[in-house]
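Keep the structure open beside you as you go.

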Amino acid sequence: MTETAITSRDNPIFKRLKKLAESARARREAQMTLLDGEHLLAAYLDAGGQPHTLVRADSFDAGRFKNWAARCPDAKAIALPDALFNEITPVSTPTGLLAESAWLSPSAREDIPLIIVLEDIQDPGNLGSMLRTGAAAGATLALLSTGCHDPWSPKALRGGQGAQFVLPIECGVDVPAWCAQFQGQSLALALAEDRSVFSSELTGPLAFIVGNEGAGLSDAVRAAATATVQIPMPGKMESLNASAALAIAVFEAVRQRLA
């Protein structure tokens, strides 16, 4: 392994990495992102990816970095002073390891459709968690509206814990138009509806739709869905976190399909 030390903010590689860390547009145009930490890098490699560049902070163990570099034979190895590394890391407590990596495009699953549809989910941690839930449940596809946060941002990747590498994702979806052509049930999760998700038949082609953390689902999406369903809440709380609601609903579908 030949490691290159970069010590200047004017270095073109550092500038490129900083853009990927900060700009959704830069990530989209390059179809690249930054993976933070050993867990995400391992998940990326397990999914068949190979990073373009490996970056370590000077404080990261050189021997461990060499082991990772051996698994990424085509990657350029970069070392940064901790101060520069901290400028591009997406977390408050840096791991000391980043990987500049191309987006993966997992193949669509051939199973009975189990689709998660996300409308205007703006918190990167929530978005990543929802994608993680979908991947864990064996969802066949995730559809994200134009107003959703970038699923390939470093913080969304951290929340997803590798979900983006195994779950097919489509962004910029017109949700009402998509519902109109979907050959299956599109169930919008909402409050104060008479129909419970637990009393619904969920074994056929199915899409669950979850709305924005604060505003919920738009009227247009509610109208386009096959039905709206609720999760019964006998406790003294008005609502569930959107990510928790999706998890309950999608794993009820898993339970029915495995019964």
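**Exercise 1.** Is C72 buried or exposed?

*Solution.* C72 has a relative accessibility of 1%. Buried means under 20%, so C72 counts as buried. Bear in mind that the model you are looking at is predicted.

**Exercise 2.** Find out how many disulfides the structure holds, then look at the surroundings of C148.

*Solution.* The count of disulfides is 0. For C148, the nearest cysteine sulfur belongs to C171 and is 7.9 Å away. A disulfide needs the two sulfur atoms within 2.5 Å, so C148 is in no disulfide. C148 is also buried, at 13% relative accessible area.

**Exercise 3.** Which parts of the chain does the salt bridge between E87 and R9 tie together?

*Solution.* Start with the contact: the closest N and O atoms of E87 and R9 are 2.5 Å apart. Finally, check accessibility: E87 is partly exposed at 24%, and R9 is partly exposed at 47%.

**Exercise 4.** Where do K18 and E22 lie, and which network includes them?

*Solution.* Both residues are in helix α1, 4 residues apart, or about one turn of the helix. K18 is partly exposed at 24%, whereas E22 is exposed at 56%. Together with R9 and E87, K18 and E22 are linked in a network of salt bridges.

Note on methods: Residues are numbered from 1 along each chain as its sequence is written. This is a predicted model: local features need pLDDT of at least 70, side-chain atom pairs count only at pLDDT 80 or more; totals for chains, interfaces and linings use all residues. Side-chain values use heavy atoms; hydrogens and water are left out. Buried means under 20% relative accessible area, exposed over 50%, partly exposed in between (1.4 Å probe, protein chains only). A salt bridge is a side-chain nitrogen of Lys or Arg within 4 Å of a carboxyl oxygen of Asp or Glu. Helices (H or I, at least four residues) and strands (E, at least two) are DSSP runs, numbered from the N terminus.
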